[in-house]
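Hello,

Here is the structure I promised to pass on. Please open it and keep it beside you as you read my notes.

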Amino acid sequence: MGGLGAPWSQREACTHRSLGYPTTSQTLLLAAVTGLLVACGGPDLDSQEAVAVDALESEAQALSGRDDSRRPRPPEPVGLALEVKNGQGELVRVRAGGTFFISQIDIRATVQALADHKDLKTLRTTSDFAGLGWSGVRAVDEEPVLLGGPTGFTRRRFYRGAAWMDVPSFFTVEPVDSRGRLTGLPVLLNIGAEHQRRDRTDDFFIRRLRAIHTTTDCRAPNDCTGARSFEEEALVEVRNAYEHAKQRTLKLTSGTTSLRLRWSLRPFAPYSIPVEQVQNPDYAYGFGIDVAALTPPRHDGTYAPGSEITFQVTLRDGEGKRLHPSGSLPSYNEVAPVGGNAAGIQYYRAFFDATTTYYRRKHRERMLMTQIIGPAQNIQPIRSIIDIDAFLDPEVDEQVVATEARDGVFSQFAILPFANIVFRGAFFPSEGLWDRPNTDTWQYKIPADATPGTYLVTVKGRRVYLGEDVPGSRTIEIQVGTKKRTEATLTTGPCNSCHSEGGELSEVLHGNDNRAACNGCHSPLGFELEGPIFVRTHFIHSRSNRFDAPLEKCASCHLTKESIQRTSKAACLSCHTSYPDSHVAKFGPIESMYVGGGRESFQQCTGACHTEHPRAGL
């Protein structure tokens with residue numbers, strides 16, 4: 001097997017004994033066998049996973065040497081996000097002496113290719129992942145990036161099916177000192193298999209192992225003739241630890257200088273993640289968002305239609321301490337290019353770390369954003385398309401994304417810092433917008449003919465601080481034209497039949513379990529048509545082999561027959577990967593893995609057919 005390093009030394013084994021821990025030879029042997037099975041195609045993976053889990057649990061009990069119930073557990077362990085790039089662990093700074101569990105592991109390997117190798121030849125032979133089992137790998141999806149860059153347009157191909165992607169595998173995280181000696185008990189983590197989700201034995205809710213081929217100098221979104229710039233990439237993304245995995249904690253002693261990350265698919269070539277322990281940090285862990293309306297309502301507590309309302313956001317740590325001065329937010333250059341500021345504030349950073357719905361690191365987009373949508377009783381998906389010009393207009397801070405006349409509901413959103421700073425600053429760097437101080441306030445203008453009811457105002461963001469990477473959101477309600485509270489009628493649910501035990505909507509994505517407050521931010525953009533929630537939900541669940549229900553059974557999520565009857569390319573082809581030749585002739589070939597086509601994808605095809613879905617359960 002290529003890419004494997006030397007096994008543990010005798011000194012490491014003696015170190016285990018001196019600490020009172022047995023050696024981890026069982027774990028290493030199991031991992032090596034697993035790696036061989038991957039390279040050779042593997043036997044019955046379910047049987048292999050069961051044996052492996054049993055062995056890991058036995059090893060964990062042996063390492064502890066006593067009943068865990070008698071051990072006092074440190075209070076409030078913090079989730080750590082670990083990252084490895086091309087074999088090198090990224091430094092993680094943590095609170096000194098803290099107790100942690102592993103909430104995220106991101107590993108990626110990238111290589112530049114000299115030709116358009118559709119079989120990922122360069123990645124398979126020269127990258128950090130070259131020694132893994134690549135048999136079975138195949139391209140399953142392809143998508144252009146609609147917004148061009150300085151070298152042209154970008155096209156991405158997405159690959160699955162390699163043996164290493166599908167086999168069950170495990171991680172061991174070991175705290176060690178500067179000489180590589182253990183300073184505490186290792187943590188064993190099962191990331192499960194691609195083809196099924198097992199709540200009791202999997203340790204992470206999200207598991208995505210992928211490869212991506214990227215061409216960055218295409219002539220047009222769908223024309224890469226003559227391109228010469230190619231990147232091949234392999235990724236491991238696991239995150240959102242289940243509740244039982246959160247109990248497997250690491251206590252970092254003063255001598256801990258790194259974490260040794262072993263992967264069962266390359267057990268003798270562990271990654272080393274440097275650790276810097278910070279004494280008396282300025283802020284606490286955790287993330288809170290406060291939203292307040294600075295413009296007072298009328299005497300009856302309502303706002304009149306036509307009102308312009310100023311709102312203010314306050315970002316706080318878990319103990320309520322401000323992360324920024326009142327009235328301002330850091331400049332874009334103080335946050336995004338370097339991945340965050342000293343307090344952990346994050347801004348949109350896809351300019352520096354490309355993200356792709358489902359396939360690539362979408363959780364790392366990190367946009368700080370706000371929306372208003374209402375009235376609540378009219379909330380529905382937004383299909384009007386917002387173009388890049390609206391983001392570049394220096395006179396417009398908040399974009400109107402939906403009107404009642406056009407979409408049946410009113411909505412505005414704003415990026416923080418404003419889009420005309422973030423995006424215009426990228427297109428026109430000479431204007432120096434990324435160095436401009438930013439405000440923590442914005443204004444939403446209620447339409448003069450707004451329907452009375454409850455309107456929802458939301459802010460969502462992400463904080464990355466001393467190893468913790470957590471989302472947060474906050475929604476408040478305002479009353480427009482009436483004191484009577486109104487509510488959204490959702491046509492899908494319940495999500496918690498799958499999203500539980502660490503995968504709740506309050507934990508994943510934006511940390512927002514109020515689904516009525518999603519549609520304003522999630523509207524289609526001219527350069528990112530897959531924005532709407534129904535598109536992303538269809539796409540993610542149809543591509544995830546770990547979704548437990550038959551894909552054709554719409555009743556798994558939809559509550560009414562009527563809710564599946566608005567047929568459009570975006571609705572159907574965000575789930576289906578093909579349609580009949582008669583549809584190709586009438587509606588055109590499939591050009592987008594997300595919405596089927598272009599801007600026309602949100603138009604209703606017809607109301608005369610597709611009134612039922614086979615085996616929908618409705």
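His558 lies in the loop between α10 (533–543) and α11 (569–573). Helices here are DSSP runs of H or I with at least four residues, strands are runs of E with at least two, and both are numbered from the N terminus. This is a predicted model: local features need pLDDT of at least 70, side-chain atom pairs count only at pLDDT 80 or more, and totals for chains, interfaces and linings use all residues. Residues are numbered from 1 along each chain as its sequence is written, and side-chain values use heavy atoms, with hydrogens and water left out.

Is His558 buried or exposed? It is buried, because its relative accessibility is 17%. (Buried means under 20% relative accessible area, exposed over 50%, and partly exposed in between, with a 1.4 Å probe and protein chains only.) The side chain of His558 makes a polar contact with the side chain of Ser563, at 2.9 Å. (A polar contact is a pair of N or O atoms within 3.5 Å; within protein, one must be able to donate a hydrogen and the other to accept it, and residues adjacent in sequence count only if both atoms are side-chain atoms.) Leaving out residues up to four places away in sequence, His558 touches Thr491, Thr492, His538, Ser563, Ile564 and Leu618. (Contact means heavy atoms within 4.5 Å.)

Now the cysteines. How many disulfides does a search of the whole structure find? It finds one. (A disulfide is a pair of cysteine sulfur atoms within 2.5 Å.) Cys218 is joined to Cys224, S to S 1.9 Å. Their link is right-handed, with 80 degrees about the S-S bond. Cys218 is buried at 2% relative accessible area. Cys224 is buried too, at 16%. Cys498 is in no disulfide; its nearest cysteine sulfur, in Cys557, is 7.5 Å away. Cys521 is buried, at 18%.

Last, the cores. (A nonpolar core is a set of buried Ala, Val, Leu, Ile, Met, Phe, Trp, Tyr and Cys residues joined through side-chain atoms within 4.5 Å.) The largest has 59 residues, and Leu315, Phe391, Phe423 and Trp442 have the most contacts inside it. Strand β18 (residues 410–416) gives this core its largest share, five residues. Beyond four places in sequence, the residues that Phe391 touches include Phe413, Ile415, Phe423 and Leu525. A second, separate core has 49 residues, among them Ala241, Leu250, Leu259 and Leu466.

Best wishes
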